[in-house]
Amino acid sequence: MRKVLSIAGLITLIIGATTGCATGGSTTTSGSIFDGTVLQPPEPKPEFVLTDTQGQPFDFQAETEGKLTLLYFGYTYCPDICPVQLAQLAAVMDRLPDVERNSVVVFVTVDPDRDTPQVIRSFLDKFNTKFVGLTGTIEQVEAAQRAAGVPVAVKIGDGADYSMGHASQVIAFAPDGLAYTQYPYGTRQTQWVHDLPLILGRA
Amino acid sequence: MKLWCAALNKPWSWHWIAYPGVWLTVLLPTIIYLVAVRRHGDTDRKAIWTFLAAMVIFWASSDWPVGTLGAGYLASVHMLEYVFYTLAVAPLMLLGTPEWMARRVLARLHLARVHEWLSQRLFMSGLIFNIVLVATHSPIGVDTLRSSQLGSFAMDMSWLASGIILWMPILTPIREQRTHPFAAKMVYLFVSAGIVPIVPASFLTFASYPLYSTYELAPRVGSLTAVQDQQLAGITMKLGMAPVIWITLAVMFFRWAAQERAR
């Protein structure tokens, strides 16, 4: 009997040890309440005006005022990072309808030559039809990246199949207009779900 | 050069990838088997075809595209691989191994006593099978092992070994080790491979979020989301194992009945 109990205990220990890491905790190892990368000091929302997928001007600060805003610079031909980041955001928004109602996800292309408003719209609609897509001239999108404090994207390769080296993080602006955190590629859904309601609470 | 399928961290493509390590792992035992059978002579053709079928399934489950998809893109394919390894390759290998060959292999590898010990202890065989199942389907196990070729190879080999351990008390080629009564073997198989795996399968099916970062952060293949893929993996574990288990139980039941009638 003792043998059976010890074996049962061992199995419980293994299951506990191996499944326990699957969910995000309420505090992080860095001591922050957020699971994302903390920005110290918090960064203000950048000012830029670009064109949305309807062809209308989109004043980033004015249109997102008072909302949780998730800003991401990418391009629709991106083979790996952009689709994963957007799929993660779409999955999390599905899980958190209250957050989705009070937030806006803004995707700014870093490849305006290929990413026309129609191309951006059809790309974003694969993830979430409410995601906002922005484009502009190459100078305008570069200025937007500088304003947001991310490295300006660079073209890699020649010909039609070129790729873009670009920042992979999503910057999260709280409703008070400040970014307390950003989320690099590799952020898990559990981390998003942990942080977004907290950021939304920073009104 | 890639030897074994591991997570690639790049978008999935239908461009063929060569895995010489997989070919070697499949070809080496096949060649050794065929040479040994030829030298020995007088081996049942059915056993030879059964062993070759095991090797074909082993190759198809380990090589591109199934191996590649399972190692780094889809949890559901990872699970399909597991089902093939443990419920097809392992029992077919045991069924296709003639008794004289099994004795020779066990003696050469100094595994005769281990084999005897495991064949006689249903509880321990079932326990080892399920410990490997839980460890290799835990988030930390999958994410750690699938990130490297060596880890991925270790995971696949542990599946094969655990499958052989599971089936050994039932299908061992060594005649004198087949000592368990039919009822005990049926209960053993039903509990070890039919009931206990439902627990980890349920974790996968009913989890709200993806458990494995390997598959969550992989570029998507098709229209399945990471959670849907994980649910499919859970269902594959739960339902994919059922036909093999139930067919085996039915065969064992009829053999038992026939044995009783003959008395």
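This is a predicted model: local features need pLDDT of at least 70, side-chain atom pairs count only at pLDDT 80 or more; totals for chains, interfaces and linings use all residues.
Residues are numbered from 1 along each chain as its sequence is written, with chains lettered from A and ligands numbered from 1 in the order in which they are written.

**Exercise 1. State the strand order of the open sheet in chain A and find its edges.**

Step 1. Helices (H or I, at least four residues) and strands (E, at least two) are DSSP runs, numbered from the N terminus. Two strands pair if DSSP finds at least two bridges between them.

Step 2. Read the order. The 8 strands run S1-S10-S9-S4-S5-S6-S2-S3 in chain A, with mixed pairing.

Step 3. Find the edges. S1 (37-44) and S3 (57-59) of chain A each have a single partner strand, so one side of each lacks a neighbour in the sheet.

Step 4. Neighbouring strands are turned by 35° against each other on average, direction ignored.

**Exercise 2. Describe the pairing of S4 and S5 in chain A.**

Step 1. S4 (residues 68-74) and S5 (residues 103-109) of chain A pair in the parallel sense over 7 bridges.

Step 2. Take one residue. Phe73(A) has Val108(A) in S5(A) as its bridge partner.

**Exercise 3. Classify the packing of H4(B) against H13(B) and against H2(B).**

Step 1. Axes are lines fitted to C-alpha atoms, for helices over the stretch in contact, and angles run from 0 to 180 degrees between N-to-C directions. Angles under 35 degrees count as roughly parallel, over 145 as roughly antiparallel, 65 to 115 as roughly perpendicular and the rest as oblique.

Step 2. Take H13. The axes of H4 (residues 75-96) and H13 (residues 226-240) of chain B come within 7 Å and cross at roughly 15°. H4(B) is therefore roughly parallel to H13(B).

Step 3. Take H2. H2 (residues 45-62) of chain B packs on H4(B) at about 160°, with the axes 8 Å apart. The two are therefore roughly antiparallel. This crossing of H2(B) and H4(B) is left-handed.

Step 4. List contacts (C-beta atoms, placed from the backbone, within 7 Å). On the H2(B) side they include Phe51(B) and Ile57(B); on the H4(B) side, Phe84(B) and Leu92(B) are among them.

Terms used
A crossing is left-handed if the near helix is turned anticlockwise from the far one by less than a right angle, and right-handed if clockwise. Two residues are in contact if their C-beta atoms, placed from the backbone, lie within 7 Å.
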